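Subject: Structure handover

Hi,

Here is the structure I promised to pass on. Please have a look at it first; my notes follow below.

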Amino acid sequence: MEDFIKNFAAQWEDTEMDVFVPTCTFRELEEWSSLIGLAILNMMVKKYGVKVSPAEFKLCVTIKDVYDVMTSKR
Amino acid sequence: MENTILVTGASSGIGRAIAILCAQKGWHIVLTGRNVLRLEETRSLMEGDEHLIIPADLTDKVQQQALVNEMPILNGVVHCAGVGSRMLGRMLEDDDVRKVMSVNFVAPVLLQAALLREKKLAREASIVFIASTAATMPSVGNSIYSASKAALVAYAKCLSIELAPRRQRVNCISPAMVWTDLALVGADVEQLREAEQAYPLKRYGQPQDIAPMAVYLLSDDASWITGSNFELTGGTQTL
């Protein structure tokens, strides 16, 4: 999970790192955009070899939700 | 304005001219290319003494990553490195295609990706790709070179949309024939001298004709310009 959060955070440019905790509701962050969403989907393919669909991702509210969806598909 | 600009292919031609003009603006330049001696030569022609040389073969993954690792935060990047090719379409083999695409398209795309991943670009940075009017103007024996530059223009347009939220700008400059080593690949100089008379302005370009456009695109004066491809042609509609 720690490694996942580090990679998740790396997709953001301006947001402080300490914001990225499992309960973070990332879509509420000021920097959030669909481009960052795509970067996170790409990151999961590159770093973990897991393809999470946009529909599955859309249902995720927190970072832990994303992590859980990803690990369930590994 | 304190700008730090990376110029690839800075050892000669258009890259060298851009590095020299950027230095006249008081900007700090990171020069890269394969030939250290020629990079040193470029630096000796530049104003200021804080310019950095980091030699690298950008088609080599390890060297490219090392370059990115050493890179300071950049306000601009000019991708000038390129190779020419004159070969009939029917003669092309695997190596011919890969070599040109590797230098002209794959290397700048992967370098740019690495710079972005490693967060080496400042907010509102400007990225300039030196493409070519060959992307849209066909000429015999130029198929792979043309294709590589057309690919670069298409890529740059997509990247401009992706980077716009950070006010980072991406543009291309597409020169027609310019007197550089690259223009001489597989060409006869006398024939080129005759052919340049067909240009409405009666000459091919010089690297110094291209550099001011790059400097403009790198500057804040161009802050509303992204996703554009500027054709500098001496008036010609064909290559």
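In which sense do strand 6 and strand 7 of chain B pair, and over how many bridges? Strand 6 and strand 7 (residues 229-232) of chain B are paired in the parallel sense, over four bridges. (Strands pair if DSSP finds at least two bridges between them; helices, H or I of at least four residues, and strands, E of at least two, are DSSP runs numbered from the N terminus.)

Some background first: this is a predicted model, in which local features need pLDDT of at least 70 and side-chain atom pairs count only at pLDDT 80 or more, while totals for chains, interfaces and linings use all residues. Residues are numbered from 1 along each chain as its sequence is written, and chains are lettered from A and ligands numbered from 1 in the order in which they are written.

Back to strand 6 of chain B (residues 169-175): seven of its seven residues are buried, so the strand is largely enclosed by the rest of the structure. Buried means 20 or more other C-beta atoms within 10 Å of the residue's own, exposed 12 or fewer, and partly exposed in between, with C-beta atoms placed from the backbone. B:Arg169, B:Asn171, B:Ile173 and B:Pro175 point one way, and B:Val170, B:Cys172 and B:Ser174 the other. B:Cys172 stands opposite B:Asn229 in strand 7 of chain B. Strand 5 of chain B also runs parallel to strand 6 of chain B, joined by five bridges, and B:Ile130 has B:Ile173 as its bridge partner.

Next, helix 4 of chain B (residues 94-117). A kink of about 50° is centred on B:Ser102, the bend being the angle between axes fitted to the seven residues ending there and the seven starting there. Its buried residues include B:Val100, B:Phe105 and B:Leu111, and the buried set packs against helix 3 (61-70), strand 4 (74-79), strand 5 (121-130) and helix 5 (143-163) of chain B. Contact here means C-beta atoms, placed from the backbone, within 7 Å. In helix 3 of chain B, B:Gln64, B:Gln65 and B:Val68 meet B:Leu110, B:Leu111, B:Ala114 and B:Leu115 of helix 4 of chain B. After helix 4 of chain B comes B:Lys119, with a positive phi near 55°.

Finally, in chain A, A:Lys64 sits in helix 4 (residues 63-72). A:Lys64 counts as partly exposed because it has 16 C-beta neighbours inside 10 Å. Its C-alpha atom is 4.7 Å from that of A:Pro22, 42 residues apart along the chain.

Best wishes

Methods. Two residues are in contact if their C-beta atoms, placed from the backbone, lie within 7 Å.
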